[in-house]
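Biologist: Before we discuss any of the terms, could you show me the sequence and the structure, please?

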Amino acid sequence: MKLRASTIIAISIGLVTLLGYFMPDLRLIRVQFIAWAGMLAAVAVIIGMFNLLGVHGKKIGDGTPGWPYSIVLALTLLTVLTLPALGYLGPFVPFFKDWGFGPANVGSTFVFQYVQTAIGTSLSGLIVVFLIIAGYRLTRRPMKPMLIAFLMAATISLLGLIPLPAGLPDVGLHTLGNWLAQVPAVAGARGILLGIALGVVATGLRVLLAADRPYGE
Amino acid sequence: MAELLAPVFVVVFAILMIVFVALGWRKGARPTAVRDIEAFLSLPTTVGQAVETGKRLHISLGSGAVGEVNTAAAFAGLTVLEQISAAAAVSDKPPIVTTADGTAMLLAQDTLRQVYQQQNALNRYDTASARVAGLSPMSFGAALTTTLSDESVAGTVLIGSATEEVVLLTEAAQRAHTTTLAASDNPATQALLYVTADSALVGEDLFAGGAYISRLPMHVASLHAQDVMRLLVGAAIILGVVASTVTR
Amino acid sequence: MAVLRCANCGKPNPDFLDICQFCDQPLRGEGAPAAAESAPAEPVEAIPDWLRGEAAAEPEAAPPQRQEQDWMWKGTGGEAEQPAASAEDVPDWLRAMQGESPAPAADEPSSAAIPDWLSGGAASDPFAAPAESAAAMPDWLTGGTSAEPAAPAPSPAASDIPDWLRGMGEPSTEPSAFDAPASAAPASDVPDWMNSLGGAPAEPAPSFGTPATPAASDVPDWMNSLGGAPAEPVPSFGTPAAPAASDVPDWMSSLGGAPAEPAPSFGASAAPAASDVPDWMSSLGGAPAEPASPFGASAAPASDTPDWMSSLGGAPAEPASPFGASAAPASDTPDWMSSLGGAPAEPASPFGASVTPASDTPDWMSSLSGAPAEPAPSFADPSFEAPAEPGPSFAAPETAQPSWMSEAGTGSALAGETPSWLSAFRPSGSDATEGALPPAGATPFGASDEIAQTALPSWLAALKPASPDSPGGATEADTYQETVGLLAGVRGILRAEPLIAMPHKSNTEVHKLLVTDAHVAQADILAGFLKEDTETSPEAKRKARLSVPFERWLVMVLLIVAVIVPPLFTPGIFPVPRTINLATQKAFQIIDKLPNDKPALIAFDYDPAQSGELNPGAEALVSHLIRRGVPLIGVSALATGAGVGEEVLRHAAEGKYAYGTHYTNLGYILGGPVGLYLFAVAPRRAFQIDFQGTAQAWDQPLLASLWPPDAGRSLGDELSLIVLISATPEATRAWIEQTRALTAKVPMIAVVSAGAEPLVRPYYEGSYHEGEQPALNGLVTGVVGAAQYEQQAGVPGSASGLWDALGGGLVMLLVLFVAGNLIFGVVGFMRRRKR
């Protein structure tokens, strides 16, 4: 295995960060590395934005199906980026006098509240519809024991969540539902999380051992 | 004592991985047997269908970001990306990779470029193949609903961190009559995928892509090491429960 | 060419043979036959003229050690080099062309290396082997002892013409070796390609292919491929005047033009067979009246001997191309061939074709043979019936030499060397029996003796292609004519496939195929499939249809109805929960008892999409904190969470709190868990400005006294409470994992969605160490938890207002889930049962 500079850097920084959790002497170096990682994450957001613009710009240029929506996206992105800066026109334009600065200015708040939040909640509603449809089609699949268990657990959980209409006695569905959600579900979720944690550790160790090089050659 | 538990755990894990790798290198070592995972068994069909129909394969790294808690899931997605893109790259339309994070997008671009370079087809590499579909999870999911139809996608493979927005992707895949293989490190999302996706990976199976697809030695050794550690942790839990019960 | 007559059986043998080819008795010595006769008393019947012509030429004996192949590589013209010592290396024919007289056979051993057919005499018949060189020519080539050239021709020096070639032009009166009885014609030294031609009946010489008729299946492919399809006989080499037989190879025919007549095939039975045709040859194809080309030549005259064969000893009227060219006039013979032996009137095939009048003989062959008047004898037919005009024999030198041979001198040009393959035909003795075949052990490629002219075997003479001038042949007994291959044009040959095996329609209807309409329809369908497979059809343009997802619309409508109807039409149908969850109770109690000297940190880690579920709980807690007078600091680990937090704080603080004094929103914490850790370690390093863009955020009254620089205070040192509002367990876990160590003394409450609650609850119920507080001190789950909290607080909020809608929606969801699964399950069960 050829040890390239990127591999050496990745392994060394990773080891120092990991050991810094256990060795107080390396704590300051670890914190510095973490700070640098934070800055890189911020840069990654900007890079992602430019990549988004580039991809949609190419779609517009190539006339790929859906290119009008790419125009809308590009215009929206530029508008939202511009909105916080309009507050600097306050001294010159009365409309922007109390516009404010930063992402909490009038324009950005308006867009966020009446566009982004609305669209986001609408998409969540769509997800509910899709989930309901997918949920009641489960029996189309070949009936397996795990599928039957899933159906039963989902039904009981729903029964436990539903507020009982007035007049209906509580037959213990809420208790059963709560128990199902807090005992078997949690136990299973813990087991899954345990396995995921092991997988995460294994992935990290593979990176430290240079077996995985997601950063490239 | 408790402070040493974590480093010991990590060291033991690393040693187990190295030992299993070494055992696999012995002369006459039998190929490691791993249990069948239905989702990975159907993956070659999905890839082959994409290649033969002249359509693309869509590989998504999810809405997780590199450098956050979902970094490992993103790396697992990059591993799978590298392996299946090597096969899907011969299609008339190269695969596309979508992410919701700029860092993951850069890593995906580099992975694709390496794949094409290894195949001496660097001229076919398109930097736009790896893209940021949306900067937030919900916008990421919304963008994928149109990507499947606009990009002539034959199948979707999602390996990474995702939340409820993945339902938008699976629903769009169903409407486009394409298959979906998805995995997430979020148990709640796994439940959603179990219901909506064609093939869903449950538990930590999303980290097993490298072992199941290409039988990479280190990945296979990792699986075995995970199994051993899982047994150890389970045994420790049981012993702890017994001990605390006894001491009370 | 001289022939040796065996003393035992009396049959002629080429003079280069030592052992009689018929009876295996020595030809020389005590029992040796008489000296070779330079000219046979009897006209050679079956020897082609070009062979017979050799006998008239001055034979030249080629030394047995001569490299026979050298003649091929010697100069083709010009001055001949004739150093005394190297004269032997120059073929006679070449020397003849150079204007030199061929060296005497006796004095020039080199001439022995030149094939006789090339070195046979220049004066008369280049194919006529001089007396001295008669021994160098095989009898079958020399065709007897007669050496009268058919026509005077420039006579190259005898030494220039190989003996064997020279001997071919000498007319021989002796029966040709080819006239030997059929049974005594071992033909062991016959080249394989000749053998593969299938022998021949006593028919005119076969042609090599005039594919006017269907091909014979027993003809080698390479021969088939050679056959053109001229219906006319092709000229033989060196026979410009005589019509060519059709079996002249194309490459040969191309040298001399197109034959005029179809050539007979080897198997043709066009010409009447000589009585001495071997039985096995006779049985091959009977005696067709007309020779046929093996390559489908049209009916050829009886003289189907190839020209080059014809000229060897006989004089078929139509020279034939050995490769399928139709018989053509001898004028097609290339000059170089013509000069070899003049133009015998009847070229004859040396392979037993029935020889017809000498007019068929190519010139070059004629000149070699010398006596074109006599038909060439067949190999196995010593009593070959000679036509009216005796064609030249192999040993008949009377035919004119081909010009190229004439130039080379009689037998001189080619007298230098004999090809090894040809020298094998040279008889060992001086006597050459007309028509005699080389002995069984002799090979054409190793013998060093001169080729003696011999008689054309009857079976070969029978293959001689018919000449266009020849009288019509006998009536055909079998009308089948071969069309391809060497036997093209030959009639009477055996079919390669028995008739019974050839596809043909039976005269009797054994079976009647019953084809019904259904069969026809199915066949049409199958044909349609096959046709579709090859046809390309343009992609059908699909009409743009408006697809209406009825199912999704129906579900959406039902949900809308379920959500709208209860709060509007049946308010209170779903009563607000009276029981409060313990975790929610604890959260309430913590806030209710919280001191207000230190701010509370609220982390809004959820998207606007989750605000519908989490905003009620966030508003409930924030309102409670405001009522308690606790300062608030808002942060978010999500980019969009900061905006959500801004909305919640602004709405809750409206009219009650002032921004910067009572509450603030620091905004987005960059870097995920890494940023959280950094914020926990040094909060001032994580933010420089707040969410509203205040340049000096830390100068605000609320924050000015918190975490002073260089004080070394961590996050937990300045806070009274941490509230985590998140939609995913990961976000809650990240806060706990990264900051809990530094905020262990600060209570932490989580407001999570219903989906994240199972994975967050362990943080509420567990603890890291015995006796320590768990990570989470309170837990509020979704809208239900918010409603409970509001109930606990006694202040109705948005959660209480959504309760009826929530109840209706959940009920509808349950109904759809259960009913849908039941319906689809039953339907699927019924379908599977049907299968």
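**Terms and values**

Modeller: In this predicted model, the side chains of Ser726(C) and Thr732(C) make a polar contact at 2.3 Å.

Biologist: What makes the pair Ser726(C) and Thr732(C) a polar contact?

Modeller: A polar contact is a pair of N or O atoms within 3.5 Å, where within protein one atom must be able to donate a hydrogen and the other to accept it, and where residues adjacent in sequence count only if both atoms are side-chain atoms. The two side chains are given at 2.3 Å, and the pair is listed as a polar contact.

Biologist: Why is Ser726(C) called buried?

Modeller: Buried means under 20% relative accessible area, exposed means over 50%, and partly exposed lies in between, with a 1.4 Å probe and protein chains only. Ser726(C) has 1% relative accessibility and therefore counts as buried. Ser726(C) belongs to strand E8 (residues 721-726) of chain C, and strands (E, at least two residues), like helices (H or I, at least four), are DSSP runs numbered from the N terminus.

Biologist: Which residues is Ser726(C) in contact with, leaving aside its neighbours within four places in sequence?

Modeller: Contact means heavy atoms within 4.5 Å, and on that basis Ser726(C) is in contact with Asp605(C), Leu614(C), Ala731(C), Thr732(C), Val751(C), Val752(C) and Ser753(C).

Biologist: And how are the residues and chains labelled, and which parts of the model are counted?

Modeller: Residues are numbered from 1 along each chain as its sequence is written, while chains are lettered from A and ligands numbered from 1 in the order in which they are written. Local features need pLDDT of at least 70 and side-chain atom pairs count only at pLDDT 80 or more, whereas totals for chains, interfaces and linings use all residues, and side-chain values use heavy atoms, with hydrogens and water left out.

Biologist: What makes Asp150(B) and Lys59(A) a salt bridge?

Modeller: A salt bridge is a side-chain nitrogen of Lys or Arg within 4 Å of a carboxyl oxygen of Asp or Glu. The closest N and O atoms of Asp150(B) and Lys59(A) are 3.5 Å apart, and the pair forms a salt bridge. Across the interface of chain A and chain B the rule finds three salt bridges, together with six residue pairs in polar contact, both residues being at pLDDT 80 or more.

Biologist: How much area do chain A and chain B bury between them?

Modeller: Buried area is the accessible area (1.4 Å probe) that two parts lose on being put together, summed over both. For chain A and chain B this comes to about 4,500 Å², with 73% of it on carbon and sulfur atoms, and the contact takes 52 residues from chain A and 61 residues from chain B.

Biologist: Which salt bridge is there between chain B and chain C?

Modeller: The count there is one salt bridge: Glu171(B) pairs with Arg552(C), their closest N and O atoms being 2.1 Å apart. Two residue pairs in polar contact are also found across the interface of chain B and chain C, both residues at pLDDT 80 or more. Chain B and chain C bury about 1,000 Å² between them, 58% of it on carbon and sulfur atoms, and 14 residues from chain B and 14 residues from chain C take part in the contact.

Biologist: How confident is the predictor in chain A?

Modeller: pLDDT is the predictor's confidence in each residue, from 0 to 100; chain A averages 86, and 98% of the residues score at least 70.
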